[in-house]
Amino acid sequence: MHIDIRLPVGLMFGIVGLLLIGCGLLGDATLNASSLGINIDLWWGAAMTVFGGVMLWLSRR
Amino acid sequence: MKLGLIDWAIMAVYFTFVLGIGFALRRYVKTSNDFFLSGRSMPAWVAGLAFISANLGAQEVMGMAASGAKYGIMTSHFYWIGAIPAMVFLAVFMMPFYYGSRARSVPEYLKLRFDEKTRGLNAITFALMTVLSSGISMYAMGLLLNLLLGWSFGVSVWSCALIVLLYITMGGLTSAIYNEVLQFFMIVFGFLPLVLLGLYDVGGWAGLTRGLEHVATAHGFAAGAWSQSWAHMGRPSDNPMGVEWFGMAMGLGFVLSFGYWCTDFLTIQRAMSSESMSAARRAPLIAAFPKMLFPFLVILPGMLAIVLHQRGTGGGFALPTKADGTLNYDLTVPMMLSHYFPQGMLGVGITALIASFMAGMAGNVTAFNTVFTCDIYQAYIRRNAPDSHYLWVGRVATVAGVSAAVAAAYLATRFNNIMDMLQLVFAFVNAPLFATFLLGMGWKRATGHAAFIGLISGTVAAAVHHGLTLPAGSLPGIKGGWIDIVHQYPSEMAQNFWTAIWAWSVCFAVTIAVSLVTKPRPEAELHGLVYSLTKRIDTGREPWWKRPAVLGTVLLVLTLALNLAFR
């Protein structure tokens, strides 16, 4: 096995997830009108970060 | 569509990782085996996810949503009838021959089992087809990115082609597979929130069903025609697809589905790169689990979109119309993305869309460079060169294949009819394939001459059937009826299914007939290539959750349950 694919997957989802969380926290709240008033950036960013973290943990185990 | 800095940043992160993976894998590619088959080193779950991702091109993501809007939940037949059974069959029955024969490609298996001419026919048509379908997918992508991001057609096509080209020439199949795993997760994470938001918006499953009943009655069908997959298949006129259950089960469920999943090198190559026979057989089964759930990811957005569209004012969502006044279903997914996603998620959604294009393109390119190098170049142009030469040819073939696909994309902008015609011809070539493989693997008496003649007759039968029939409401020409019209089908889909059934049956019958009058190959040459002359694989020592028969049974039971639940 060359490189564990879970490492880049984990890193990428971690970075994108954190970017989304940042956007959800700092961004303009009026934008959430399109997503039915749900702060989807924050919630989905958190989901992606958790997924990235699990992948990283699996690759390091 | 308004994109913010954050959206471009997310896209940039994705592109960096895609190229980074190719760059990091560059130093592991030392032999042609590394380049074309990842040195047969992939774990089952990686090969499995790549297997499904390579198939999950953008045509699927966009096309299945379009179909969900147009035909409703009947679209799920393409999964629960048209994919899972064939994937289980591939894993349980066929993979031992593909992997066990040590062939590097599907055409090479035909060479080992039958003869050179059968391989040549399959290799050349397959190579042409992959380049062409890659070009058509690039064409679609160019139009879409032009619409969404405002990039020109040329910039869209060239930039994506260049990225795919770079990561494949550097890291070969491993690079393609690793990126497909990344793309798989990206696609799931990009489209899942769309489904969740949409369901929340229409009032959950109950709200969706109610909305679909309005859609169905508005189109003049029974109320359940959009929300029940089997109940309205007694007569073609009862359902929006215009097909009846027998044509569906035989044409899609048997001929087309098994023909695609069990013989298409694009996906099988991923399974062939597995680290062991056990992993190679598990790969399609691992792929089948997400495939079974994909209808909820790719068809639901279309069904939600048509409900929102029907609801009209209030939701503020409308599907665009084409010049002739009909709805443009193809833009369902991008319209839904821009309707629900704020900046940030929009970047994730568009990246997922681009990822699906790239996954499909990379699948075509790696399948092309392998078949070209192993089955065309090494077979007919230069036979006994050192391995490093073939590795070099593989890289050159990658560049040539991508360039040809770009050329095809440009051609498609000018001559759409030629592209439709070529796709039709390839459909004729593909239709009979599964009969040849089934007889090749299942019957030791089948001969090379018979396989070749059978394939040609099957293709001719497909063309003749198409030439003699016409879907209702079409003019003779590209849609059929160009010889004479002896039968009218209720829809184009019904015609396609029956074309496939005819092609398969003729190929099957002719191959058997010719085999009986030609000289069979000595049995000693067929060990490991035919069922009756191959040692059974003993899976008794594996834990139950790794045995193909167990996994396959679980999949089939779950698929049956899904069919019943949404009948």
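Helices here are DSSP runs of type H or I with at least four residues, strands are E runs of at least two, and both are numbered from the N terminus. Keep in mind that this is a predicted model: local features need pLDDT of at least 70, side-chain atom pairs count only at pLDDT 80 or more, and totals for chains, interfaces and linings use all residues. Residues are numbered from 1 along each chain as its sequence is written, while chains are lettered from A and ligands numbered from 1 in the order in which they are written.

Let's start with a single residue. Ser32(B) sits in helix H2 of chain B, which covers residues 32-37. Is Ser32(B) buried or exposed? A residue is called buried if 20 or more other C-beta atoms lie within 10 Å of its own, exposed if 12 or fewer, and partly exposed in between, with C-beta atoms placed from the backbone. Ser32(B) has 23 C-beta neighbours inside 10 Å, so it counts as buried. Two residues are in contact if their C-beta atoms, again placed from the backbone, lie within 7 Å. Leaving aside residues up to four places away in sequence, Ser32(B) touches Asp387(B), Tyr390(B), Leu391(B) and Gly394(B). Gly172(B) is 140 residues from Ser32(B) along the chain, yet their C-alpha atoms are separated by 9.2 Å.

Now for another helix in chain B.

Zooming out, chain B is divided into domain 1 (5-26 + 44-414 + 536-565) and domain 2 (424-530), with bounds that come from an automatic or database domain assignment. The C-alpha centres of these two domains of chain B lie 25 Å apart. Their contact takes 29 residues from domain 1 of chain B and 24 residues from domain 2 of chain B. On the domain 1 side, H11(B) gives the most, with 11 residues. By class, that side has 16 nonpolar, 10 polar and 3 charged residues; Ala, Val, Leu, Ile, Met, Phe, Trp, Tyr, Cys and Pro count as nonpolar, Asp, Glu, Lys and Arg as charged, and the others, Gly among them, as polar.

Finally, what about the two chains? Their contact takes 24 residues from chain A and 31 residues from chain B. On the chain A side, helix H1 (6-26) and helix H2 (40-60) of chain A each give two or more residues. H1(A) gives the most, with 10 residues. The side of chain A that touches chain B has 17 nonpolar, 6 polar and 1 charged residues.
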